[in-house]
Amino acid sequence: MKINVKNMIKKTFLYGIFFCVLCLLFTAFANYKIENSTEEFVTDNSDILPTTKVAVVLGTAPNLVSGYQNYYFTYRIEAATKLYQSGKVTHFILSGDHGRKNYNEPEAMKQALIKNGVPENVIYLDYAGFRTLDSMIRAKEIFGQNEFIVVSQEFHNQRAVYIARQNGMNAYGYNAKDVNKHAGLKTNIREYFARTKVFIDCFLGIQPKFLGEKIEII
């Protein structure tokens with residue numbers, strides 16, 4: 001039986017195009033769904049936020065790989081400090097990556113908040129916040145919080161609040177100042193596609209990498 005190589009290549013190409021279009025449509029849907037679903041819960045105006053016990057600050061490193069200041073970190077710390085000073089929250093969960101000995105996002109955030117006048121005894125560290133999913137689920141399962149305010153940039157808050165609310169948490173987002181479009185281009189592109197993974201994780205039932213013993217916030 002003679003195989004028509006030309007037709008096979010053509011069909012493979014068409015299937016590839018079809019698959020790419022589906023992926024782009026799915027990505028567009030994921031972004032629309034997350035932004036639309038969280039619109040009333042994410043804000044940069046602390047006055048309209050409810051008063052809650054805890055704010056969950058999502059982690060990032062204080063410095064970039066190049067050694068330059070990471071403004072995502074700086075602006076999140078500024079926002080968290082303002083939130084505390086406004087009286088909207090009384091405690092913090094600082095959730096980030098401490099998967100390597102010499103890399104500790106929660107501790108870096110803690111030191112920055114203490115420097116801004118936040119008492120050490122109201123700060124709790126979540127060293128296993130490797131992903132936004134982990135940070136949200138662990139806030140509930142490990143730290144016992146069903147209602148909290150998430151502190152990060154708007155694009156990140158939208159995804160975090162969506163994940164939290166899909167998992168039964170009454171979450172709100174307080175938006176830190178964003179970095180300029182040029183500096184944050186890579187992060188914004190990555191975020192656009194990260195939102196598709198929210199739905200894939202949900203479909204597959206993905207859970208945090210680590211859970212563990214419960215920690216009481218007092």
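**Reading the labels**

Modeller: Happy to. Let's start with Asn70, which counts as buried because its relative accessibility is 5%. Keep in mind that this is a predicted model.

Colleague: What makes 5% enough for Asn70 to count as buried?

Modeller: The word buried is used under 20% relative accessible area. Asn70 has 5%, so it is buried. Its place is in the loop between β2 and α2.

Colleague: And why is Asn63 called partly exposed?

Modeller: Asn63 has 41% relative accessibility. Buried needs a value under 20% and exposed one over 50%, so 41% falls in between and Asn63 is partly exposed. Asn63 is also in the loop between β2 (54-58) and α2 (71-85).

Colleague: Which residues do Asn63 and Asn70 touch, leaving out those up to four places away in sequence?

Modeller: Asn63 touches Tyr68, Gln69 and Asn70. For Asn70 the list is Thr60, Ala61, Pro62, Asn63 and Leu64. A touch here is a pair of heavy atoms within 4.5 Å. As for Thr74, which is 11 residues along the chain from Asn63, the C-alpha atoms of the two are separated by 9.3 Å.

Colleague: How do you know how α1 and α6 are oriented to each other?

Modeller: The axes of α1 (residues 5-38) and α6 cross at roughly 85 degrees and come within 8 Å. Angles from 65 to 115 degrees count as roughly perpendicular, and therefore α1 and α6 get that description.

Colleague: Which residues meet where α1 and α6 are in contact?

Modeller: From α1 they include Phe26, Phe29, Lys33 and Ile34, and from α6 they include Tyr192, Phe193, Arg195 and Phe199. By class, this contact has 10 nonpolar, three polar and three charged residues.

Colleague: What can you tell me about the largest pocket?

Modeller: The largest pocket holds about 1400 Å³ of space. Its lining has 48 residues, and the closest to its centre are Gly59, Thr132, His156, Arg159 and Arg190. Sorted by class, the lining has 21 nonpolar, 17 polar and 10 charged residues.

Colleague: Which helices supply at least two residues each to that lining?

Modeller: They are α2, α4 (132-141), α5 (154-166) and α6 (185-204). The largest share comes from α6, with 10 residues.

Colleague: What share of the contacts with a separation of 6 or more comes from residues 24 or more positions apart?

Modeller: Such residues account for 74% of those contacts in the protein chain.

Notes: Residues are numbered from 1 along each chain as its sequence is written. This is a predicted model: local features need pLDDT of at least 70, side-chain atom pairs count only at pLDDT 80 or more; totals for chains, interfaces and linings use all residues. Side-chain values use heavy atoms; hydrogens and water are left out. Helices (H or I, at least four residues) and strands (E, at least two) are DSSP runs, numbered from the N terminus. Buried means under 20% relative accessible area, exposed over 50%, partly exposed in between (1.4 Å probe, protein chains only). On a 1 Å grid over the protein atoms alone, a cavity is a set of points where a 1.4 Å probe fits but cannot get out, and a pocket is an open set with protein on both sides within 12 Å along at least five of seven lines; lining residues have an atom within 4 Å of a point. Grid points are joined across faces, edges and corners, and a volume is the space filled by probe spheres set on the points. Ala, Val, Leu, Ile, Met, Phe, Trp, Tyr, Cys and Pro count as nonpolar, Asp, Glu, Lys and Arg as charged, and the others, Gly among them, as polar. Axes are lines fitted to C-alpha atoms, for helices over the stretch in contact, and angles run from 0 to 180 degrees between N-to-C directions. Angles under 35 degrees count as roughly parallel, over 145 as roughly antiparallel, 65 to 115 as roughly perpendicular and the rest as oblique.
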